[in-house]
Amino acid sequence: MPIVAQSTETTDWVSRFADEVIEESERRASGAAKSVATAPVVVVASGLSPSGPIHLGNLREVMTPHLVADEIRRRGYTVRHLISWDDYDRYRKVPAGVPGVDDSWAEHIGKPLTSVPAPKGSAYPNWAEHFKAAMVKALAELGVEYDGISQTEQYTSGVYREQVLFAMKHRGDIDAILEQYRTKKTPAKKQQGQKPVDEAELEAAEGSGAAAEDDGSSGSAGYFPYKPYCGRCEKDLTTVTAYDDDTTELSYTCTACGHFETVRLSEFNRGKLVWKVDWPMRWAYEGVVFEPSGVDHSSPGSSFQVGGQIVGIFGGKQPIGPMYAFVGISGMAKMSSSKGGVPTPADALQIMEPQLLRWLYARRRPNQSFKIAFDQEIQRLYDEWDKLAAKVADGAVLPADAAAYARAVGTAAGDLPRTPRPMPYRTLASVADITAGAEDQTLRILSELDPENPLTSLDEVRPRLDKAETWINTQVPAEERTVVRDEPDTDLLKSLDDQGRESLRLLLEGLDSNWSLDGLTHLVYGVPKVQAGFSADATPKELPPEIKVAQRTFFALLYHLLVGRDTGPRLPTLLLAVGQDRVRKLLGA
């Protein structure tokens, strides 16, 4: 029997995939391992193309195998998570909205990404390294352990030479498989707004066999699964005109610059296999057991489906490959990075802790879509996260939720750094909004939230405080920012009726004895109850519906007197932020 060491977390999707991957890995090793120590190395894989900003949709390509690999590590197995940087892919187009890039970059279309200049002002040597760098930093912050593989290095150093020669020798067999799909209909268009996840997905989206760079060179000399990059202009707008299997002599012409030459493929390292052949070749070469792919790969003639047949030519097997669904974005008022409107993991990590971002990917099965919030929804997500943490601490949580939480806060290597005292994100955001980054004021307000256990240093609430402050500064429009009044609104104060003046008197009388977050919450909700003849402690079940209307009216009055608007941050937080003396002044004490 294969050894599948069950963890205590057996009810979530990650554990189920881990079971399948371990079983498949041991099956491929020709027999069950007698112990975890002698089990084969389990190989999972991801592929990322640094053709532009690597966005949050691409992150699912990494997080899905990462979570599965990490669960397998927790069980004591050795795992390799390969990330292939597809930096030898062709430069397809000039992306919009990228700082330091203009129309002149169009002259590089067709070159390898590592041969395209980086955007102006970049510290990196080429286009691929520039866009790869932000993802590398984000993956480190997220605790993702992986082995990175540059496809430029693999091809140009001759690592794949035998595989290239093998593919050319068996081009007839490969062509026969591809021929089955060339008459298929082009897959349906993507849902509106969805971005291709990688080079492979983009080719799938363009139609099976429709793109020359995907299907290979099919000219008068026949079909060839290999594309040379031109020796003069470096572009892949080339056509193989002749190939000799015995001598490996290959002739090609370039339609971009007219260059033509004959080379020995056994010594030539300036080209690559076309995608639908390259991907299954790598599966076989690396022994990949698990690799997810985007939803487009479920279409007839997709790279994953075709690869499942071509991989056998290379003597390999198709990996377990779940399709992952679209990752949407909620909000994004004004991305400070200005990366063409496509948010990246680095952008998300500016406004949320790594644990929260990991949790968003861990709690949903790969085939379930979800959204990452850049708008006010992030506050609700944080509330949900904090409630889950409290339930985990109390032991009152469902097993699947506990598993998702455990996968979010750490890996097999240990827990990720966390905020020592995680105050509510919405509270920190409100305080950051009001104080505009003044640390002395921020510390004063936060230390008054819980007088019995006062905060003594802002380091206790970092990095969460920094994330909330960045969110306020980059995602909340200026017109929605909170600006406390400098002087009382005397006209409004003079216009108040007896009930309005009485509500302010009750509030001001209670400030001293209720100056804490909980105390002020009780006070502001209690004033309308007392005015209506009820106890301030009365529960909603004990109160008539009119009390809610009275509370809303009272809250609107306070907001107008304090910030000149109908709404604002939660009133208890706002009152603490403004301070007792200023509150008394603005409320006409």
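Guide: Gladly! This is a predicted model, in which local features need pLDDT of at least 70 and side-chain atom pairs count only at pLDDT 80 or more, while totals for chains, interfaces and linings use all residues. Residues are numbered from 1 along each chain as its sequence is written, and side-chain values use heavy atoms, without hydrogens and water.

Visitor: What is the strand order in the open sheet, and which pairing does it have?

Guide: The order is S1-S2-S3, with parallel pairing. Strands are DSSP runs of E with at least two residues, helices are runs of H or I with at least four, and both are numbered from the N terminus.

Visitor: Why do S1 and S3 stand at the edges?

Guide: Strand S1 (42–48) and strand S3 (147–150) each have a single partner strand, so one side of each is left without a neighbour in the sheet.

Visitor: How do you know that S2 and S3 pair?

Guide: Pairing requires at least two bridges found by DSSP between two strands. Strand S2 (residues 79–85) and S3 have four bridges, in the parallel sense. Ser 84, for instance, has Ile 149 in S3 as its bridge partner.

Visitor: Why are H2 and H12 called roughly perpendicular?

Guide: That word covers angles of 65 to 115 degrees (under 35 is roughly parallel, over 145 roughly antiparallel, the rest oblique). H2 and helix H12 (residues 354–362) pack at about 80 degrees, with axes 10 Å apart; they are therefore roughly perpendicular. Angles run from 0 to 180 degrees between N-to-C directions, and axes are lines fitted to C-alpha atoms, for helices over the stretch in contact.
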